[in-house]
Amino acid sequence: MGTTIINNEPKALWQHFYALNQIPRASKKEAQVVAFIKKFGEDLGLETTSDEVGNVIIKKPGSVGKEHQPIVALQSHLDMVHQKNAATIFDFATQAIEMYQDGDWIKANGTTLGADNGIGVAAIMSILADKNAVHPPLEALFTIDEETGMTGAFHLKAGMLHAQVLLNLDTEEDTDLTIGCAGGLDITCTGQYHTTAIPQGYSFFTLSLTGLTGGHSGGDIHLGRANANKQMARLLYCLQEKTKFVMHRLEGGSLRNAIPREAQAVLGIDTANIHVLEHFLKEYEAILKNEFHITDPHLTLQAQPTDAPTVVWEQDFQQQLLCAIYACPYGIYRMSPAIKDLVQSSNNLSKIVIAEGAFNIQCLTRSSVETEKQDLANAITAALSGIKGTMSYTGAYPGWEPKPDAPIVHLMQEKYKALFNEEPHVNAVHAGLECGIIGRNYPNMQMISFGPNIFGAHSPDERVQISSVQKFWKFLNATLADL
C-alpha cells in the first residue's frame, strides 16, 4: 500500500521517507534508526560520526565552486510520536507505518505518520545522496529523542559542529520561517491513595470519552480542541451534583506532547439510580458536542456495564482528586502581548492514571517567558495540592530568542519572495524546537526553521501534503545554492 508514495516527486525524498518508515523509531528507542542513518552515511563514503547519546553527524564537502563557502548545518530529529486510535491494531515496535495516498496527501492507517520529522530527515538524506546538488560544505545533524525530552539537543557538545548557519527542517507550515520558540517544563504529580470496600447494591460501568481530535500540545493548543482528561474530570465533578457514585479507575492520554484524545473512568452507582446516570450522560454528551462541534466533531461519550472490581477509592480522595484535576489549568494561559497571535504560555494536562492505589498526573508546561513558565508551574502545583502528592519538575528546556535581523532570515525572505511571489510568514512558535537548546553551545550560529505542510502532528490524523513537500524541496535547494 505505501510503496505508491515513491512515485511522487521528488522521488528520492519519498523513497527515503518510505525507507525510514519501515523502522520503529519511538522516542528513547532509536537504536535501529540510528544504525540505519549511520550506515546510510557510511555507504555514501561520507564522514559519519555518532556521539554517546546517539546523535549522528554526516559531513559532505561543498559542491564544485562552493568548497570553501561557510559550512551549513542541516538538522532534523530521528524519533517520531507513536499514537494510534483505540480501535487500530498495530505494534509500533515491530510494524512499518502503513502509509497511503489520498489525493494530494500522504496519510497513515490509524496511526501517526512520522512526517514529523521524517520528511526533514528524508530531505537531508536526499541532499547528501545527490551528487548534482549545489551547496556549501554540509554538516547533517540527526538528533534523537526530540519529542519526549530533547535529549539529543541537550547532549550535543560544543565543538561537534563548525557550521555558521543551521537550517532546522521541523516547521509544519510551508509559508512559515520560524525564528523563535517556547521553552518547556515537565510537571508530574505522583502518590498513593487508600481504597475501601464496594457498597452493597452497586452496578459498575466504564465511561469512555473518545473520538476527540487531539494534536500537538504546542502547535495546536490555540485551536480550542477538547482535552479528554479535562472534560472527563469536568463530567465526573458535575455528576456528583446529581447522584452519589464511587470510583475505581481513571485514565486518559498517553504522551506529554499530545493533546489527550481519549479518557476512561470505571465507576459504580446504586443500581436504583442507573437511570440518573443514563440521563446525565445523554445530556452531557449533548453539551460537549455543542461546545466542541467545530474542533472535535467525532466526540463520543459512552457507558458500558462492567464487572464489579474488588475495591474503590475512599470518598475523601475521590472528591479531592476530581477537584484537583478539574482545577488544573489547561490550554492557553497567556497570549503574547508583543507578537500577534502567538501563545506565550500554556499547559497540557497530558496523562492521568489513577489505579491500583497509585496516581500519576502529568503536564507539559510551555512558555517563551521563563518567569511566566514558573508562575504557571506554581498554579498547577496549587491546583493539585489537595491530593497531597509528590511534585516533580523535570525536562526543562529553554526557549529560542528570535533574531529577525540575522542575515539568514533576510536571505531566506528574499529567496522565498523570488520563488513564490509572496511574502513568507516570519514568526515564532509556541511548540518546542531544538534550536534554543543547540544555541546554548553555539551562541553565534544563525538559525532558522522551515518545512512543508504537516497537519495533525502527534495524532493519527497526521498527514503531509505532496505539493507542499515539492515547494519545500525547491526552497531548500535554492537556499543552499545561494549560501
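Predicted model: local features only at pLDDT ≥ 70, side-chain atom pairs only at ≥ 80, totals over all residues.

**Entry 1, a glycine.** I began with Gly-331, which counts as buried because its relative accessibility is 7% (buried is under 20% relative accessible area, exposed over 50%, partly exposed in between, with a 1.4 Å probe and protein chains only). Gly-331 lies in strand β16, residues 331-335. I number elements from the N terminus as DSSP runs, with helices being H or I of at least four residues and strands E of at least two. Setting aside neighbours within four places in sequence, I found Gly-331 in contact with Ile-221, Ser-345, Ser-346 and Asn-347 (contact means heavy atoms within 4.5 Å).

Residues are numbered from 1 along each chain as its sequence is written, and side-chain values use heavy atoms, with hydrogens and water left out.

Asp-341 sits in the loop between β16 and β17 (343-355) and is exposed, at 63% relative accessible area. Glu-356, also not a glycine, has a positive phi of about 55 degrees. Glu-356 belongs to the loop between β17 and β18 (358-367), and its relative accessible area of 68% makes it exposed.

Glu-9 and Pro-10 are joined by a cis peptide bond, omega about -5 degrees; Pro-10 is in the segment before α1 (11-20). Another cis bond joins Asp-116 and Asn-117, omega about 5 degrees, and Asn-117 lies in helix α3, residues 115-129.

How many cavities of 30 Å³ or more does the structure hold? I noted 3. On a 1 Å grid over the protein atoms alone, a cavity is a set of points where a 1.4 Å probe fits but cannot get out, and lining residues have an atom within 4 Å of a point. Points are joined across faces, edges and corners, and a volume is the space filled by probe spheres set on them. The largest cavity holds about 60 Å³, and its lining includes Asp-174, Tyr-416 and Lys-471. α11 gives the most to that lining, with 3 residues. The second largest cavity has about 40 Å³; among its lining residues are Asn-21, His-82 and Phe-90.

Technical notes
1 Å grid on protein atoms, 1.4 Å probe; cavity = no way out; pocket = protein on both sides within 12 Å on 5 of 7 lines; lining within 4 Å.
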